[in-house]
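Please keep the structure open while you read.

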Amino acid sequence: MVCIYLILFVSLATLSLIILFYKHKSHFSHPNLPPGKTGLPFLGETIQFLSCGWRGHPEKFIHDRVTKFSSLIFKTSLNFEPTAVLCGHEGNKFLFSNENKLVNVWWPRHFNQIFPSSLETSIKDESKKMRKLLSKFFKPESLQQYIGFMDIIAQRHFKLYWENKEEVVVYPLAKCYTFWLACKVFMSIDDPQYIVKFMESFNILVAGLFSVPINMPGTTFNRGIKASKYIRNGLLKIIQERKIDLADGKALPDQDILSHMMLTCTEDGQYMKELDIADKILGLLVGGYDTASISCTFIVKYLAELPDIYDRVYKEQMEVAKSKAPGELLNWKDLQRMKYSWNVACEVLRLTPPLQGTFREAINDFVFNGFFIPKGWKLYWSVHTTHKHPEYFPEPDKFDPSRFEGVGPAPYTYAPFGGGPRMCPGKEYARLEILVFMHNLVKRFRWEKLVHDEKTVVDPMPRPVKGLPIHLYCHNT
């Protein structure tokens, strides 16, 4: 009997593999597809794509194929899906301009196991709802009220974790700073001990989100799912407490994004379910701290390597500091004066963008650059096809903040926040938290790297392998 079951299992497994093989093959049977190779059946070129980032050269995967096949488009297979990679400013312009016309946002299916409420509606619908909800809070005029909070938290952060230290490891501290800010702005929570405990689970969740999606005990993906459930339960408790505080007048309807979500009706006149609110806050916290913390980390790295750039940033930030009365917090006008500092941050975002690229899905057949793209194919765009291209940025490996003076880079060539209708809604929020970080950092310290040849890996976002340890030198000593 055991043998019969074993034979049946093997037969079914073999049949499934044959079906998947021919399904995979059929995806690439259309006429006039883009040039390229699809790699192994099922796996495609996913391992090659990821391994370039693991080795610290995420641009190599695309550069090698652009050189071999086409400068504008090539085909591959990623995440078990037939994929066309659109390159250069022409590719960026096409994708950004055809959002919701020819293409829609697409994420790998396993994301739904981390964010389960998105199973009830499409990612496209969830994305539209979120953008509508966030538009009020992420406008510059709305964010101005948070600059003082950001400055207070930055001061507390540096006092707790940087001051009176000779050496620090930057990456985990930058994550602590941006997560603290996100908790404060999104949920009015600013207890450092609670935040550090909460952040540990978020790090596990993010690692699981971008891992190989094998849901077995002990795997990174499985730990990510468990961390997601733990965080969601914690958020549900916060939501329930906020509901009581709103009823008792202890919380204000417009004090943060959490209150706004709880009190805003959807288009059908219904209030959002608590689980949906928890899931959306979860997504906001993931997006609101991880990318900005990477930018803050690499700003520290480049300022350590480029003392002349540091000196100009220091001069600008001290001019702002000296114009303030004792105890006076940063405000909107102060941040508008930090033009050179923001140009430095923009050059960091060009050279080491937190987001390497994103996926879209073709919702109709279309032709790009003479090649046929079938409905259902996935499209991928990458910042590396423009950010380090000498046609758009001469001497692309040189750190040059002057690229962002005047009108700045040509349209569709600089896209650390994406573009078109899908441009990151938190772009202005990120600018504020980065500038507040730079101000509070450089007016306190100079520093030098302790590991001079520290490698950067991308998995899937860039990070220094050892976390960027530095030696601090206080200005007042």
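Is Lys60 buried or partly exposed? Lys60 is partly exposed, at a relative accessible area of 42%; here buried means under 20%, exposed over 50% and partly exposed in between, with a 1.4 Å probe and protein chains only.

1. A word on the basis. This is a predicted model, in which local features need pLDDT of at least 70 and side-chain atom pairs count only at pLDDT 80 or more, while totals for chains, interfaces and linings use all residues. Residues are numbered from 1 along each chain as its sequence is written, and side-chain values use heavy atoms, with hydrogens and water left out.

2. Let us start with a helix pair. Two packed helices are described by the angle between their axes and the distance between the axes. For helix α2 (residues 46-54) and helix α3 (residues 59-68), the axes come within 7 Å and cross at roughly 125°. α2 is therefore oblique to α3 (under 35 degrees is roughly parallel, over 145 roughly antiparallel, 65 to 115 roughly perpendicular, and the rest oblique). Axes are lines fitted to C-alpha atoms, for helices over the stretch in contact, with angles from 0 to 180 degrees between N-to-C directions. Helices are DSSP runs of H or I with at least four residues, numbered from the N terminus.

3. Who touches whom? In this contact (heavy atoms within 4.5 Å), α2 brings Gln48, Phe49 and Cys52, and α3 brings Lys60, Phe61 and Arg65.

4. Lys60 also has a partner within its own helix. Asp64 forms a salt bridge with Lys60, with the closest N and O atoms 2.7 Å apart; the term means a side-chain nitrogen of Lys or Arg within 4 Å of a carboxyl oxygen of Asp or Glu. Both residues lie in helix α3, four residues apart, or about one turn of the helix. Asp64 is partly exposed too, at 33%.

5. Now for some other pairs. By this rule the structure has 20 salt bridges. One of them joins Glu328 to Lys324 at 3.3 Å, N to O. Glu328 is partly exposed at 39% relative accessibility, whereas Lys324 is buried at 16%.

6. A link across the chain comes next. Arg403 and Glu347 meet in a salt bridge of 3.0 Å, N to O. Arg403 sits in the loop between α17 (384-387) and α18 (427-442), and Glu347 in helix α16 (residues 339-351), so the pair links distant parts of the chain, 56 residues apart. Arg403 counts as buried at 14%, and Glu347 as buried at 0%.

7. Finally, look for a network of salt bridges that links Glu81, Glu361 and Lys378.

Notes: Helices (H or I, at least four residues) and strands (E, at least two) are DSSP runs, numbered from the N terminus.
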